[in-house]
Amino acid sequence: MSYRVSSMSVLPPVRKDRIIAELPKCYSKDAALHTKDEFTKKVRTACQEQRTGTVGFKISKVIVVGDLAVGKTCLINRFCKDAFDKNYKATIGVDFEMERFEVLGVPFSLQLWDTAGQERFKCIASTYYRGAQTVIIVFDVNDVASLSHTKQWLIDAMKENDPTNIQIFLVGTKKDLSSPAQYALIEKDAIKVSQEMKAEYWALSSLTGENVKEFFFRVATLAFEANLLAELEKSGTRQIADIVKINSNSNNLNASSKKKQPNCCQ
Ligand SMILES: Nc1nc2c(ncn2[C@@H]2O[C@H](COP(=O)(O)OP(=O)(O)OP(=O)(O)O)[C@@H](O)[C@H]2O)c(=O)[nH]1
Ligand SMILES: [Mg+2]
């Protein structure tokens with residue numbers, strides 16, 4: 001009998017329900033990071049031709065912040081474990097989960113950092129903010145105060161991060177507890193806050209699961225797109241830089257040979 005040792009067997013294949021083949025839609029066109037219906041040709045072609053550089057090995061950091069008990073842990077647990085706990089257990093410091101996706105055939109991973117909302121743990125939690133590509137700011141759609149605190153959560157998250165390279169999501173949880181009329185009222189304010197923060201707005205329920213998968217697919221895809229576009233730009237400038245180098249080298253050659261000529265003749 002023979003057997004094969006395969007180095008490819010280290011990672012199990014990506015779960016079938018983590019495969020993203022179409023661009024996930026935004027929740028509201030009034031507060032979206034972009035409102036395209038499909039992946040751009042540039043992105044699609046790069047993936048087809050496997051010109052994705054390091055993106056396929058990337059682990060993108062996502063931090064989840066917001067007031068205590070708004071439902072950050074439940075949101076992550078609903079998506080990662082398909083579980084919901086109605087008893088509140090405060091997060092102490094931080095926790096994290098890894099989620100592997102495949103976007104247009106390219107592997108892509110999110111590292112989801114669940115932070116503590118309680119004031120006394122905030123100090124420990126904030127030391128984990130650095131290096132995030134995505135900030136998810138969570139509030140409870142039944143609690144106006146938690147919405148008004150989101151701006152401070154954003155300020156704190158931004159202290160540790162480069163604002164030009166970050167994508168922000170504002171997420172209202174516990175939608176199952178609010179009546180359509182109540183929800184409509186807070187949605188107006190939430191969309192306004194999202195626009196001010198340049199964030200994409202979502203509302204969902206970890207109890208029923210409404211919009212939870214759609215939301216994380218959107219997060220994964222937008223992080224993937226941003227990484228890929230940055231990678232393509234980098235390889236583009238690399239190519240241009242090479243051309244410039246070749247040209248300037250040949251110019252130098254000309255220049256130096258011209259300079260030398262008089263010397264030769266003398
Ligand atoms: N009805 C309902 N309850 C929810 C939902 N999400 C969370 N909860 C409840 O809200 C409470 C707080 O949820 P957590 O996820 O622990 O809150 P948290 O934001 O992680 O809190 P900290 O870790 O202290 O910052 C728990 O009792 C949950 O069961 C939801 O979508 N619907
Ligand atoms: Mg928690």
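This is a predicted model: local features need pLDDT of at least 70, side-chain atom pairs count only at pLDDT 80 or more; totals for chains, interfaces and linings use all residues.
Residues are numbered from 1 along each chain as its sequence is written, chains are lettered from A and ligands numbered from 1 in the order in which they are written, and side-chain values use heavy atoms, without hydrogens and water.

Pairing requires at least two DSSP bridges between two strands. Strands are DSSP runs of E with at least two residues, helices are runs of H or I with at least four, and both are numbered from the N terminus.

Strand β3 (residues 94-103) runs antiparallel to β4, joined by 10 bridges. Here V103 stands opposite V106.

How much of β4 is buried? In β4 (residues 106-115), 9 of the 10 residues are buried, so the strand is largely enclosed by the rest of the structure. Buried means under 20% relative accessible area (1.4 Å probe, protein chains only).

Now the helices. The axes of α5 (residues 150-159) and α6 (residues 180-197) come within 11 Å and cross at roughly 25°. The two helices are therefore roughly parallel, a term for angles under 35 degrees. T150, K151 and L154 in α5 meet V193, E196 and M197 in α6, with contact meaning heavy atoms within 4.5 Å.

How values were computed: Axes are lines fitted to C-alpha atoms, for helices over the stretch in contact, and angles run from 0 to 180 degrees between N-to-C directions. Angles under 35 degrees count as roughly parallel, over 145 as roughly antiparallel, 65 to 115 as roughly perpendicular and the rest as oblique. Buried means under 20% relative accessible area, exposed over 50%, partly exposed in between (1.4 Å probe, protein chains only).
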